[in-house]
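Please examine the sequence and the model shown below.

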Amino acid sequence: MRVTSFARIVRVLWLGLFIYAVTVGVGYGKEVGAKSTGVEPAVVSGGVQPGNKSDSLAGQGLRGKQQNNADVQSVAAGMSMGDTLKLLGTIFVVTGGGIWAVVKFIYPEWRRYCDTGKKKKRYHETLRKELGYIRMLGLPGVENVQVNLDDDTFVPLSFFRSQGLDKDYGEGGSKIAHEGELPMTPDNVMQQAFKEQRRMLLVIGDPGAGKTTLLKYYAMCALKQKHLTRLGFSGPVSVFYLPLRDLVRDAKGCYDSLPTNLARWAKKHHQTIQEELFEEWLHRGTSLVLLDGLDEISNTAERREACKWIDTAWSGFSDAYFVVTSRATGYNKDERIEIAAEYERADVKDFTPQQQERFLKNWFTAVFLKEPSEKQIDKKEWQRQQKAKAEEQTRKIVAHLKEDKNKGLRQLAAVPMILQIMAILWKEREFLPKSRVKLYNAVLDYLLELRDERRGIPAILPADDARKVLGPVSLWMQEELNTDKAEKGAMHQKMQERLQYIISAQPLSAEAFCDFLVKRAGLLINEDVDFYEFRHKSFREYLAGVQLVKKVARTTGSLDKLVSVFGVDWWNEPIKFFIAQEDEEIFDLFMEKLLNSPQSEELTSEQQSLLQSIIEEAPLKKVDALCKKLQDGSNKAGRQRVILDCLKAIGEPAALNALQQFRVDGLAKNKDIADRAEEVLLALVDLKRASELQKTKSGEKISSVVTVSRIILKDRQPSFRNPNEHNAEYIRISGGSYIYSYKEKKEQVEDLYVAKYPVTNKLYRSFIASLQAKDSALCAELNTIANNNTWGPGFGNYLEKGNGNNAALFRSGYDEERKFDGEDQPVVAVTWYAAQAYCLWLSLLEGDKALYRLPTEIEWEWVAGGQQGTVGKKVRDYPWPKKRGAPSSKLANFGNNVGATTPVGRYPEGATPEGLYDMAGNVWEWTESLYDENTPKKDLNPARSVRGGSWGYASDYLRCSFRLSIHPVSYWYYDVGFRVVRPSHSLSFGDSENLSI
């Protein structure tokens with residue numbers, strides 16, 4: 001029963017009344033005695049008479065006792081029977097009433113308090129047992145490894161902390177960049193998240209990124225008083241945990257309250273705690289509520305409802321702090337899956353090479369120390385040998401991953417769960433498969449059969465046969481259950497349907513097979529005694545993908561089903577695993593069906609990213625369907641762009657003829673499509689030439705002579721393409737005058753050629769390759785600039801840090817980061833000096849060291865939002881035409897809608913009228929200008945201005961007038977890139993209507 005505030009008040013009042021009654025009763029007794037003897041109460045009480053100062057202390061004490069006895073006798077003799085009975089009655093009533101109050105109110109309250117404390121202690125102990133262990137695949141007996149808060153097993157994740165998602169910017173649309181954009185640790189994230197009255201932290205991470213392990217770490221820290229300060233709490237914290245997939249509904253069909261759901265979770269773990277107690281705990285003192293796996297609610301509508309439920313819980317318990325985890329695909333603002341409460345978002349960063357090495361060492365150490373020891377060896381000596389073995393295995397696998405040919409594996413190893421799979425396989429074979437699919441396949445062989453076989457234990461079922469059972473079950477959960485949990489009875493029945501067809505020496509029951517999968521293979525868990533679920537969701541998704549391959553081969557219409565759910569995040573991973581196992585014919589057929597479906601008329605940014613991933617993971621690709629569909633004149637512009645983007649991503653020169661015919665026939669629906677077709681054509685020509693050069697192996701160098709051709713087409717700005725940048729296009733922006741927002745005065749801008757896109761990774765890597773080849777002219781010029789302080793007094797010190805290795809000095813800090821390293825994604829994490837060096841490199845290739853440069857702030861603002869043909873007006877609010885309105889997910893990449901940079905040019909509707917892309921969002925862009933023109937000259941590295949907003953900042957930062965300040969040596973910003981300009985007067989050549997290829 002819940003104790004209300006009113007009841008507590010009544011009990012306090014009763015206790016006060018009882019104390020008052022006792023006081024009155026005692027006083028009454030004294031008064032009666034005094035009246036009977038005529039002695040003052042002070043004398044009756046045995047007090048010493050004033051004035052007896054000549055008495056010694058001993059004498060006073062003796063006389064006091066004698067006096068007391070006399071007084072008592074006098075009182076007794078002088079009291080009437082009525083007074084005596086009244087006194088005794090008062091004492092009886094008061095004493096009895098006190099005893100009754102204690103028995104009725106105080107004792108139950110005290111007992112209830114003790115019982116409540118015990119229940120809370122037991123609940124927290126359950127959390128320690130459930131969350132206090134990391135379940136590591138591949139350990140003998142699939143034992144659990146305890147979460148060690150001193151990081152012996154737990155390797156702290158790093159995070160991209162969202163920046164600029166508030167609207168706190170200074171006058172004139174200016175802001176100083178936060179140093180907080182450095183990758184943060186779990187402790188930093190928690191401390192920052194709950195500042196300024198915020199009580200919500202949203203953690204976003206890819207599959208296998210370690211989100212659940214992070215919650216375990218938070219829980220263990222909060223349950224240990226000495227670790228509370230790590231998380232920013234100063235006093236005791238009550239911890240609560242709930243997987244969001246376990247949310248239950250009430251009789252009306254709505255999600256039940258947080259206390260009710262917590263009580264049901266506790267009951268599943270054999271703790272009977274009333275929901276009223278959970279409600280009381282949540283209202284009393286500080287609480288930390290950990291809500292895991294928003295993405296594991298498969299239905300989009302239900303996930304929206306879950307977000308509203310989280311908001312309700314957040315507002316209902318004002319002293320509770322919430323941490324919510326989700327995959328990026330499971331939290332989509334465009335689908336209205338969004339938490340309304342004010343929150344801090346932190347995106348899990350991939351493991352760095354240093355974190356990978358640390359994880360591997362911890363993993364191998366844990367594995368080898370759990371092996372049975374040899375009896376004749378001293379325990380300490382055996383432990384030393386095992387740790388040495390762990391270090392040796394770590395050294396070998398790290399060296400293997402660092403090899404140039406294994407870049408793909410290095411990227412996979414950045415995902416904690418994939419890295420664990422690699423560790424298992426390396427321990428057994430010192431060999432790693434090259435693809436994600438092969439990694440999963442190999443580790444399933446190990447868990448299902450090979451590990452027991454090598455220990456002399458007969459396999460309960462060969463791995464191939466086990467897959468024949470697990471595949472259909474996984475797809476059943478994917479297609480029919482739409483959940484990662486299956487009721488035990490239903491799971492047994494589904495498995496038995498498959499097991500009856502498997503020939504084995506002894507019949508195998510579904511119950512025994514599940515027992516093996518839980519206790520030995522470790523693929524399933526049954527934390528909820530009535531349900532099974534896969535230990536890692538991605539194993540179920542992989543097995544569902546395996547089964548899809550079989551289903552498509554024998555069932556007509558299966559591909560149509562996959563196309564219909566394309567872009568539904570619940571299906572993303574199974575579809576990727578499916579395509580990664582198919583041949584070129586199925587790939588081509590899938591593309592054909594996708595392009596013939598309404599889905600492809602206009603893909604969201606998330607769907608475009610999924611399509612890009614599918615193409616990257618497909619082992620064999622064919623472009624026939626794409627080329628055929630490109631010639632279909634009925635296609636809308638959106639579908640034409642999808643086809644062109646696919647052809648560029650596949651990079652197959654076989655599409656050249658179709659692209660040329662597309663141009664000749666004039667099938668492009670608009671200028672953007674025509675431009676895109678030209679870009680894809682040039683990219684494929686570039687690939688074809690590189691391929692032919694590789695085949696000849698003649699060793700001949702490509703000529704450094706530059707021929708720049710200018711293109712003038714109907715309704716198109718004059719432009720040129722630079723062969724030294726893989727034919728990157730520069731568009732001429734006419735000059736003019738306008739009111740510069742920062743100074744509120746008129747400024748004049750000359751005609752300028754501006755790069756159509758920010759510099760991409762592909763272009764920037766060409767620059768780094770030149771530095772690796774020891775470009776002597778470039779290195780010499782850099783030294784001259786440093787000596788002359790041309791780029792400021794700090795550049796010399798910066799250049800010295802490279803120790804002569806300029807390639808390493810200028811290299812992007814995220815060159816191999818999966819989220820940011822795509823060839824067509826803008827380069828990020830480059831310093832202002834690196835951007836300047838890139839411009840210098842381009843200039844020197846054409847024999848003039850001052851041809852290419854960064855734009856000034858005044859130039860940038862004009863080309864982003866200047867109103868051509870007007871004089872003395874302010875620029876537009878945003879780069880796109882004013883009629884398109886405020887920022888949206890169709891116009892720009894901002895506000896963490898995607899969670900990373902996107903390939904340049906993905907947002908054609910957000911381009912400027914002149915055809916410049918990504919001027920708003922995606923990445924901030926360095927400018928030539930000082931942030932503060934009054935910066936003292938002695939300042940070694942004065943801050944420079946960046947413009948344009950980025951993928952992680954809110955919409956207000958996308959304004960053409962907004963400026964941000966960053967120091968030129970800052971290299972850690974994962975959302976800062978740059979764009980190159982060239983003065984128009986530096987070009988002199990005739991016009992040409994066709995581009996010669």
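Does Thr-126 count as buried or exposed? The structure is a predicted model, in which local features need pLDDT of at least 70, side-chain atom pairs count only at pLDDT 80 or more, and totals for chains, interfaces and linings use all residues. Residues are numbered from 1 along each chain as its sequence is written, and side-chain values use heavy atoms, with hydrogens and water left out.

Thr-126 counts as buried because its relative accessibility is 9%; buried means under 20% relative accessible area, exposed over 50%, and partly exposed in between, with a 1.4 Å probe and protein chains only. Thr-126 lies in helix H4, residues 81-131; helices (H or I, at least four residues) and strands (E, at least two) are DSSP runs numbered from the N terminus. Apart from neighbours within four places in sequence, Thr-126 is in contact (heavy atoms within 4.5 Å) with Trp-265, His-269 and Gln-271.

Trp-265 and His-269 also belong to the lining of the second largest cavity, together with Pro-243, Arg-245, Asp-246, Lys-268, Lys-485, Glu-527, Asp-528 and Glu-533. A cavity is a set of points on a 1 Å grid over the protein atoms alone where a 1.4 Å probe fits but cannot get out, and lining residues have an atom within 4 Å of a point. The volume of this cavity is about 70 Å³, a volume being the space filled by probe spheres set on the points, which are joined across faces, edges and corners. Seven charged residues, two nonpolar and one polar make up the lining. Ten cavities of 30 Å³ or more occur in the structure.

Helix H28 comprises 13 residues, 776-788, and spans 18 Å from its first C-alpha to its last, close to the 18 Å expected at 1.5 Å a residue; the expected span is 1.5 Å times one less than the number of residues. Its buried residues are Leu-778, Glu-781, Leu-782, Ile-785 and Ala-786. Seen down the axis of H28, these fall within an arc of 140°, so they line one face of the helix; the arc is that of the directions from the helix axis to the C-beta atoms. They pack against helices H27 (761-772), H29 (795-800), H30 (806-810) and H31 (832-845). The face turned away from the buried side carries exposed Ser-776, Asn-787 and Asn-788. Asn-789, with a positive phi near 55°, follows H28.

Ser-986 is located in the loop between strands S23 (981-983) and S24 (991-992). Ser-986 counts as partly exposed because its relative accessibility is 21%. Between Ser-986 and Asp-848 the C-alpha to C-alpha distance is 10.0 Å, with a sequence separation of 138 residues.

Technical notes. 1 Å grid on protein atoms, 1.4 Å probe; cavity = no way out; pocket = protein on both sides within 12 Å on 5 of 7 lines; lining within 4 Å. Nonpolar A, V, L, I, M, F, W, Y, C, P; charged D, E, K, R; others polar.
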